[in-house]
Amino acid sequence: AAFLVAGGGAMRHRNGFGTTTFASWEGAITGGAGVRVFLTDHIYALGEFRAGWELHYRVNGGVGVRLR
């Protein structure tokens, strides 16, 4: 089964330049899509792709359990 996913939060970045350190915070939003495939009546595998603000991207995979 296909699904859509969205999220938001904050991202912190920190860099060192010689003896000086620079750090900043910024808001982050992501959105994407994925697919879930049931392996048995209660166990499934999933994969998803997300893209976010300033073109950060992420590919996830996982295994889950349906409790009902």
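The legends below describe close-up views of a predicted model.

**View 1. The open sheet of four strands.** The strands of this predicted model are ordered β1-β2-β3-β4 in an open sheet, and their pairing is antiparallel. The edges are formed by β1 and by β4 (57-65), each of which pairs on one side only. Direction ignored, neighbouring strands of the sheet are turned by 30° against each other on average. In general, strands of a sheet pair through backbone hydrogen bonds, in either a parallel or an antiparallel manner.

View 2. Strand β1 covers residues 2-17 and strand β2 covers residues 20-38. The two strands run antiparallel and are joined by 16 bridges. Two residues lie between the strands of the hairpin. In this hairpin, G18 adopts a positive phi near 65°.

**View 3. The β2-β3 hairpin.** Strands β2 and β3 also form a hairpin, here with four residues between them. Nine bridges join β2 to β3, and the two strands run antiparallel. Strand β3 itself spans residues 43-52.

**View 4. Surroundings of R50.** R50 is a residue of strand β3. Its relative accessible area is 14%, which is under the 20% limit, so R50 counts as buried. The side chain of R50 makes a polar contact of 3.1 Å with the side chain of T30. A further polar contact, of 2.8 Å, joins the side chain of R50 to that of E48. Leaving aside residues up to four places away in sequence, R50 touches V5, A6 and G7, then T30, G31 and G32, and also H56, Y57, R58 and N60.

**View 5. The aromatic pair F49 and Y57.** The structure holds two aromatic pairs. F49 and Y57 form a stacked pair, with 6.5 Å from centre to centre and 25° between the planes. F49 has a relative accessibility of 42% and therefore counts as partly exposed. Y57, by contrast, is exposed, because its relative accessible area of 63% is over 50%. Y57 is also among the residues that R50 touches.

**View 6. R36 and the ring of Y44.** R36 lies over the face of Y44. The distance from the ring centre is 5.4 Å. Y44 is also touched by V37, the subject of the next view.

**View 7. Surroundings of V37.** V37 belongs to strand β2. With a relative accessible area of 44%, V37 is partly exposed. Not counting residues up to four places away in sequence, V37 touches I43, Y44 and A45. V37 and V63 are separated by 26 residues in sequence, and their C-alpha atoms are 9.5 Å apart in space.

Note on methods: Residues numbered from 1 in each chain as written. Predicted model: local features only at pLDDT ≥ 70, side-chain atom pairs only at ≥ 80, totals over all residues. Heavy atoms only, no water. Buried < 20%, exposed > 50% of the residue type's maximum accessible area, 1.4 Å probe, protein only. Polar contact = N/O pair within 3.5 Å; in protein donor to acceptor, adjacent residues only side chain to side chain. Contact = heavy atoms within 4.5 Å. Pairing = 2+ DSSP bridges. Phe/Tyr/Trp six-rings, centres within 6.5 Å; stacked < 30°, edge-to-face > 60°. Lys NZ or Arg CZ within 6 Å of the ring centre and 35° of its normal. Axes fitted to C-alpha atoms, helices over the stretch in contact; angles between N-to-C directions.
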